[in-house]
Amino acid sequence: MSDTNAERAQATPDESAPAETPERDAFAVIEALNAENSQLKDRILRTLAEMENLRRRTEREVADAKTYGVTSFARDMLTVVDNLTRALEHLPAEARAAAEPQIQSVIEGVELTARDLESVLGRHGVKKLDPKGQKFDPNFHQAIFEAPDETLPAGAVSQVVQSGWTIGDRVLRPAMVGVSKGGPKAAPKEEQSGE
């Protein structure tokens, strides 16, 4: 029996160790739950913020896809517009006036096709740039020569060699332009004296 007494002595808790009271145990559980609650709130707020950012980014990407999705097609169509415009520009006015009715119908058909093509491109956000007389802007224009022009100030677009086009707020193709070296300098303003 001495063995069983020794086993009982080992099995009973140590009387010298401080016993945890139910109040301390409950307090520790509450603290742990509060910490876990804070962590979960933080995770939820971060997840909500990430979802909101994703929603905004997706909306922006969808809007960009709608606006710029036709970019490569529109760029290809610009050569068609250019060819139609060149065909009409190279037709002398005398030849057009003297043309037979069938030829005039063909000319009118080409004009109508060019206008329709430009309007269809416009409906899809592709706009033609007409910079003649405007200040040269390297973001929208590409200078191919500089020539004296007495009617325009220096740095203004004096001639448009090839039209430029934009899609949305981006340049699809810059306008090929000639830039004025400038006309006569403006006379300096006379200072008025108050005497």
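**Surface, pocket and salt bridges**

Visitor: Is Leu48 buried or exposed?
Guide: Happy to look, with the reminder that this is a predicted model. Leu48 has a relative accessible area of 53%, and the cut-off for exposed is over 50%. Leu48 therefore counts as exposed.

Visitor: Which residues form a nonpolar patch on the surface?
Guide: Start from Leu48, which sits in helix α2, residues 22-68. Its patch has about 320 Å² of accessible area in total. The members are Ile44, Leu45 and Leu48.

Visitor: With which residue does Asp42 form a salt bridge?
Guide: The closest N and O atoms of the pair are 3.0 Å apart.

Visitor: Where does Arg173 lie, given its salt bridge with Asp82?
Guide: The two side chains meet at 2.6 Å, N to O. This pair links distant parts of the chain, 91 residues apart, with Asp82 in helix α3. Both residues are buried. Arg173 itself lies in strand β5.

Visitor: Which element gives the largest share of the lining of the largest pocket?
Guide: This pocket has a volume of about 270 Å³ and is lined by 13 residues, with Thr85, Glu89, Val161, Gln162 and Ser163 nearest its centre. The elements that give two or more residues to the lining are α3, β1 and β3. The largest share, five residues, comes from α3.

How values were computed. Residues numbered from 1 in each chain as written. Predicted model: local features only at pLDDT ≥ 70, side-chain atom pairs only at ≥ 80, totals over all residues. Heavy atoms only, no water. Patch = residues over 30% accessible without salt bridge, like charges linked within 9 Å, V, L, I, M, F, W, Y side chains within 5 Å. Areas by Shrake-Rupley, 256 points an atom, 1.4 Å probe, with all protein chains shown as cover. Salt bridge = Lys/Arg side-chain N within 4 Å of Asp/Glu carboxyl O. Helix = DSSP H or I, 4+ residues; strand = E, 2+ residues; numbered from the N terminus. Buried < 20%, exposed > 50% of the residue type's maximum accessible area, 1.4 Å probe, protein only. 1 Å grid on protein atoms, 1.4 Å probe; cavity = no way out; pocket = protein on both sides within 12 Å on 5 of 7 lines; lining within 4 Å. Points joined across faces, edges and corners; volume = space filled by probe spheres on them.
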